[in-house]
Amino acid sequence: MKIGQLARLTGVSVGTLRFYEDKGLLVPEHRTEAGYRQYAASAADQVRFIKTAQSLGFSLQEIGAIVPDLREGQ
């Protein structure tokens, strides 16, 4: 799915998703020839996890330490 679709699905702005990408919290599956970010369906769960963790008081740095384990299914 494209970044706009992911934003609508999760209720997070496109700018926030790009910020998460810059911080290494969210990684597009690939980019199209035109440069559009393409995300896997599991990206929505990742975004929800990030937002939930933030609401519980975790910093983005702390979340960033956990995200690689989540990508590996741990």
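1. A word on terms comes before the packing. Angles between axes under 35 degrees count as roughly parallel, over 145 as roughly antiparallel, 65 to 115 as roughly perpendicular, and the rest as oblique.

2. Helix α1 (residues 3-10) packs against helix α3 (residues 42-55) at an angle of about 50°, and their axes are 10 Å apart. The two helices are therefore oblique to each other. Their crossing is right-handed. On the α1 side the contact uses Leu6, Leu9 and Thr10, and these meet Ala43, Ala44, Val47 and Arg48 of α3. By type, the residues of this contact divide into five nonpolar, one polar and one charged.

3. The model is predicted, and confidence should be kept in view when reading these points. For the protein chain the average pLDDT is 91, and 95% of the residues score at least 70. Among the elements, α1 has the highest mean pLDDT, 96, whereas helix α4 (residues 60-71) has the lowest, 84. Where pLDDT is low, the predicted coordinates should not be read in detail.

4. Helix α1 also packs against helix α2 (residues 14-22): the two axes cross at roughly 110° and come within 9 Å. This angle makes α1 roughly perpendicular to α2. Ile3, Gly4, Leu6 and Ala7 of α1 make the contact with Val14, Leu17 and Arg18 of α2. The residues of the contact of α1 with α2 divide into five nonpolar, one polar and one charged.

5. Is leucine 6 buried or exposed? Leucine 6, which lies in helix α1, has a relative accessible area of 0% and is therefore buried, the cut-off being under 20%. Leaving aside neighbours within four places in sequence, leucine 6 is in contact with Met1, Leu17, Leu26, Tyr39, Ala43, Ala44 and Val47. Leu6 takes part in the contact of α1 with α3 and also in the contact with α2.

6. Glutamine 38 belongs to strand β2 (residues 37-38). Its relative accessibility is 16%, so glutamine 38 counts as buried. Which residues does glutamine 38 contact, leaving aside its neighbours within four places in sequence? They are Met1, Lys2, Pro28, Glu29, His30 and Thr32. The C-alpha atoms of glutamine 38 and lysine 2 are separated by 4.9 Å, although the two residues are 36 apart along the chain.

7. Arginine 37 is also found in strand β2. With a relative accessible area of 18%, arginine 37 is buried. Not counting residues up to four places away in sequence, arginine 37 touches Met1, Lys2, Ile3, Arg18, Glu21, Pro28, His30 and Arg31. The C-alpha atoms of arginine 37 and isoleucine 3 are 6.1 Å apart, and the residues lie 34 apart along the chain.

Notes. Residues are numbered from 1 along each chain as its sequence is written. This is a predicted model: local features need pLDDT of at least 70, side-chain atom pairs count only at pLDDT 80 or more; totals for chains, interfaces and linings use all residues. Side-chain values use heavy atoms; hydrogens and water are left out. Axes are lines fitted to C-alpha atoms, for helices over the stretch in contact, and angles run from 0 to 180 degrees between N-to-C directions. Helices (H or I, at least four residues) and strands (E, at least two) are DSSP runs, numbered from the N terminus. A crossing is left-handed if the near helix is turned anticlockwise from the far one by less than a right angle, and right-handed if clockwise. Contact means heavy atoms within 4.5 Å. Ala, Val, Leu, Ile, Met, Phe, Trp, Tyr, Cys and Pro count as nonpolar, Asp, Glu, Lys and Arg as charged, and the others, Gly among them, as polar. Buried means under 20% relative accessible area, exposed over 50%, partly exposed in between (1.4 Å probe, protein chains only). pLDDT is the predictor's confidence in each residue, from 0 to 100.
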